[in-house]
Protein chains: 2
Amino acid sequence: MQARYLTIKDFVTDQIEQGIWEPSEKIYSENELAVKFSVSRMTARKAIDNLCSEGVLVRSQGLGTFVADLRPMSSLLEIRNIADEIASRGHQYSGQVLAIQSVIPDKTLARLLDVRSDSLVYHSCLVHRENDIAVQYEDRFINPKFAPDYLQQNFLDQTPNAYLSKVAPLTEADHVVEAVLPDGKIALALNSTYPCLKITRRTWCKSGIVSVAYLYHPGDKYRLGGHLTF
Amino acid sequence: MQARYLTIKDFVTDQIEQGIWEPSEKIYSENELAVKFSVSRMTARKAIDNLCSEGVLVRSQGLGTFVADLRPMSSLLEIRNIADEIASRGHQYSGQVLAIQSVIPDKTLARLLDVRSDSLVYHSCLVHRENDIAVQYEDRFINPKFAPDYLQQNFLDQTPNAYLSKVAPLTEADHVVEAVLPDGKIALALNSTYPCLKITRRTWCKSGIVSVAYLYHPGDKYRLGGHLTF
DNA sequence: TGTCTACTCCTGTATATACAAGTAGACTAA
DNA sequence: TTAGTCTACTTGTATATACAGGAGTAGACA
C-alpha cells in the first residue's frame, strides 16, 4: 500500500507529463487536492512540498501553485548519457546515426586527440531527439587505440557515450562552451537555425585521450544548469 | 522574525559547517531537537526535511538522522569578477554604466529574487570591455535588503560583482546557460549580432537571494571552459 | 475617476495527537 | 547457548486545527 501523499504526487506528475498541465499553468490548490483525494490539506501539501523541492512545481503565497517552467536542463558538472537524461525527464528518447566511419583528422583535431595527423581516427555523427524534437547533434572523434570495436557498435541501442564509458571508463574531461550559429548541415539535422550551445568536450581514460566530441544544442530547446555552494 | 524551523535549520547547518557534526555522524533526534528548541516535533521535522531534500542530511527509519557524506563538487563555473579575469589575461579592462536605478520587478523576476512584486529592486546595466571590445553585457537586479547602498556605488572603480561579494558574501549560486540571439538593445551595446551565451545567475548570501544577473557574452569573443576529474 | 477598504482565496507556519513501521538491545524461555 | 520476544526509541504518515501573511478583486467612498 502506497502512502497517500505519493498517490497525489504521482497524479500531479502524470498530469504534467501528459501535458494536461503545462509549464507556468496553475494547478489545483492545496484544498482542492485535499478534497479530491479525501485527505487533509497537510497531506496534499506534503505531496506539493516534495515536487517543489524537486523543482517540478513552484509555489507563490497568495497566488497558488504552478508547474515550473522547465526546459531541458543538464548539468555542466557531470557527464551524462543524453538518453538517460531524457528518460529521467520521463520523455521519449530516439537517436539517428548520420555517419560512422574512419577519417583522417585535420591538424587541430589531431592535436586535440593527441594522435599523429596521418593516422586514422573513428568518427560518428548522431542526432538525439527528445519526444521527436532534435536536442543534440553529436560529432564525435575517437582514438581507435582505446575503443577498437567502435565502428561495429549499434548506436541506436547504446549511445557512444554509454559504450565508451564501458570500454574506457573516463577519468577526466574538459569542455568549452560557446554560442554559435549552426552551419547548413547541422541546422538541417536539428531542423533549426536558432543559435546553438556548442560544447566541445574531451574525455580521458586512464591511459590517454579517448574522444573529442562536438555537441550542438539548439538554444531554444536546451539549457545547461548548475548549482554551487561555497 | 524568522520562522522557527529556519532557526533549527541554521543551527544544524552551523553544527555541520563548524565540524562539530561530521559526515555520517548521527545528529539529535527529532524529539530532542523539538525539546531543545521548544517546538513541536513536526516543526523540528520540517527543518530536517528541508536539509534532507537539499542533500545535507540523510534519514533512516528506526536509526536516526545523519550528516550526509558530501563529496566536494568541482567548481566548474567559479564566480569570477570579470575585471580580474580580463586583467589576468594581461588585457585592458574598461566598463561602462548604461543604467543604474530602482525598478519594479515583473512577476518572473520577483519570483527569482524572492521579493514581493510591488517592492522596488535595484537594477544596474553595464557593458564590460576587454581591450575596448565588448565581451559582456550585464543586466543585474538586486534585493535592496542585502545591499542598501547599491545605487550609490561607482561601478567604474569596482564591478557590481566585487561590491556585492563585500557587502553580502556569497554562499550559494545557481546558473543557467543558454544560446540566444541578442535583442536590439544588447546587440547595440555589444556591437554584435552574433549569437550570445546567456548566463542567468542567482547568488545567495547567508540570509537570502542577493541578486539575479543576466550576462550576455558574444559567442565569437567569449567562451566558458572547465576541467573535471573523476 | 481614482483611491482606499474589506473580503476571499491562497500558501506559510505551528501545534498536538495518533498510529505505523524499522532497528537495536535487553530479556526470556527452550 | 540460542532462538525468539518484548520493549524503547527512532523516523514515517496522517489528521484537525489555528492563525499569519501575500495577492487579487469587488465595492464603498471621496
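These questions and answers cover a predicted model of protein chains with DNA strands.

Residues are numbered from 1 along each chain as its sequence is written, and chains are lettered from A and ligands numbered from 1 in the order in which they are written. Local features need pLDDT of at least 70, side-chain atom pairs count only at pLDDT 80 or more, totals for chains, interfaces and linings use all residues, and side-chain values use heavy atoms, with hydrogens and water left out.

Reader: How many helices and strands does chain A have?
Author: Helices (H or I, at least four residues) and strands (E, at least two) are DSSP runs, numbered from the N terminus. The C-alpha atoms of chain A fill a box of roughly 70 × 40 × 40 Å along the principal axes. The count for chain A is 7 helices and 10 strands.

Reader: What percentage of the residues in chain A is buried?
Author: Buried means under 20% relative accessible area, exposed over 50%, partly exposed in between (1.4 Å probe, protein chains only). Chain A has 230 residues. The buried share is 49%.

Reader: What share of the contacts in chain A with a separation of 6 or more joins residues 24 or more positions apart?
Author: Contact means heavy atoms within 4.5 Å. Among contacts in chain A with a separation of 6 or more, residues 24 or more positions apart account for 58%.

Reader: How far apart are the centres of the positive and negative side chains of chain A?
Author: Lys and Arg count as positive, Asp and Glu as negative; His and the chain ends are left out. Each charge is placed at NZ of Lys, CZ of Arg, CG of Asp or CD of Glu. Chain A has 25 positive and 27 negative side chains, and the two centres lie apart by 3 Å.

Reader: Which element gives the most to the surface near DNA strand D?
Author: A residue is near a strand if one of its heavy atoms lies within 4 Å of it. There are 27 residues around DNA strand D, and Arg4(A) and Arg59(B) are among those that come nearest. The largest contribution is 4 residues, from helix 3 of chain A.

Reader: Which residue has a backbone N or O atom 3.1 Å from a base nitrogen of DNA strand D?
Author: Side chains reach DNA strand D too: a polar atom of Lys46(A) lies 3.0 Å from a phosphate oxygen. In the side chain of Gln61(B), an N or O atom is 3.4 Å from a base oxygen. The backbone atom belongs to Gly62(A).

Reader: Which element gives the most to the surface near DNA strand C?
Author: DNA strand C is surrounded by 24 residues. Of its atoms within 4 Å of the protein, 66% belong to sugar or phosphate and the rest to bases. With 4 residues, the top contributor is helix 3 of chain B.

Reader: Is His123(B) buried or exposed?
Author: His123(B) sits in strand 4 (residues 121-130) of chain B. Beyond four places in sequence, its contacts include Ile100(B), Val103(B) and Phe141(B). Its relative accessible area is 10%, so His123(B) is buried.

Reader: Which side chain makes a polar contact with the side chain of His123(B)?
Author: A polar contact is a pair of N or O atoms within 3.5 Å; within protein, one must be able to donate a hydrogen and the other to accept it, and residues adjacent in sequence count only if both atoms are side-chain atoms. The pair here is 2.6 Å apart, and the partner is Asp139(B).
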